[in-house]
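This report is meant for a reader meeting the model for the first time. Please keep the sequence and the three-dimensional view at hand while reading.

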Amino acid sequence: MTTLISTPCATATLNFFGVSGVTWNERTQQNVWEGTLRRAGYAVRSRASKLSKKEQTVGAARQKIAAISEQEPNIKAFVARVDGHVLVIGRDGQTLVDTDPRKNDRRKLKGLVAVM
């Protein structure tokens with residue numbers, strides 16, 4: 001019996017960057033959207049180390065994301081990873097793509113990558 005894995009957030013993230021492709025690897029049981037973006041010609045680099053302990057939620061990290069963008073003008077957008085979900089955050093810190101939006105976003109960040 002085959003298990004169907006639905007990854008609408010990863011698919012929406014890829015679509016934002018104009019990329020269609022694989023978001024889930026059935027063999028490894030892992031989300032592979034980062035590799036798909038890389039194969040499409042984008043650079044994907046972690047920026048999680050630039051966040052302080054105070055900026056560990058999506059809402060609290062917005063100002064820092066805008067500051068990182070000012071220092072690195074080649075960044076197109078950021079992808080934030082939270083528990084079981086990914087969302088796209090713009091250079092200004094505002095959410096661009098989120099299939100599970102929140103008014104006050106207190107989801108804990110598991111990772112933050114810049115897409116260039």
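In the hairpin of β4 and β5, two residues lie between the strands, and G84 takes a positive phi near 70°. The hairpin of β5 and β6 has five residues between its strands, and there G93 takes a positive phi near 95°. Strands (E, at least two residues) and helices (H or I, at least four residues) are DSSP runs, numbered from the N terminus.

This is a predicted model, in which local features need pLDDT of at least 70 and side-chain atom pairs count only at pLDDT 80 or more, while totals for chains, interfaces and linings use all residues. Residues are numbered from 1 along each chain as its sequence is written, and side-chain values use heavy atoms, with hydrogens and water left out.

The five strands form an open sheet in the order β3-β7-β4-β5-β6, with antiparallel pairing; two strands pair if DSSP finds at least two bridges between them. Its edge strands are β3 (44-46) and β6 (95-97), each pairing on one side only.

| Antiparallel pair | Bridges |
|---|---|
| β4 and β7 | five bridges |
| β4 and β5 | five bridges |
| β5 and β6 | two bridges |

Across these pairs, F78 has A114 in β7 as its bridge partner and stands opposite I89 in β5, while I89 in turn stands opposite T95 in β6.

Five of the five residues of β5 are buried (under 20% relative accessible area, with a 1.4 Å probe and protein chains only), so this strand is largely enclosed by the rest of the structure. On one side these are H85, L87 and I89, and on the other V86 and V88.

Terms used
Buried means under 20% relative accessible area, exposed over 50%, partly exposed in between (1.4 Å probe, protein chains only).
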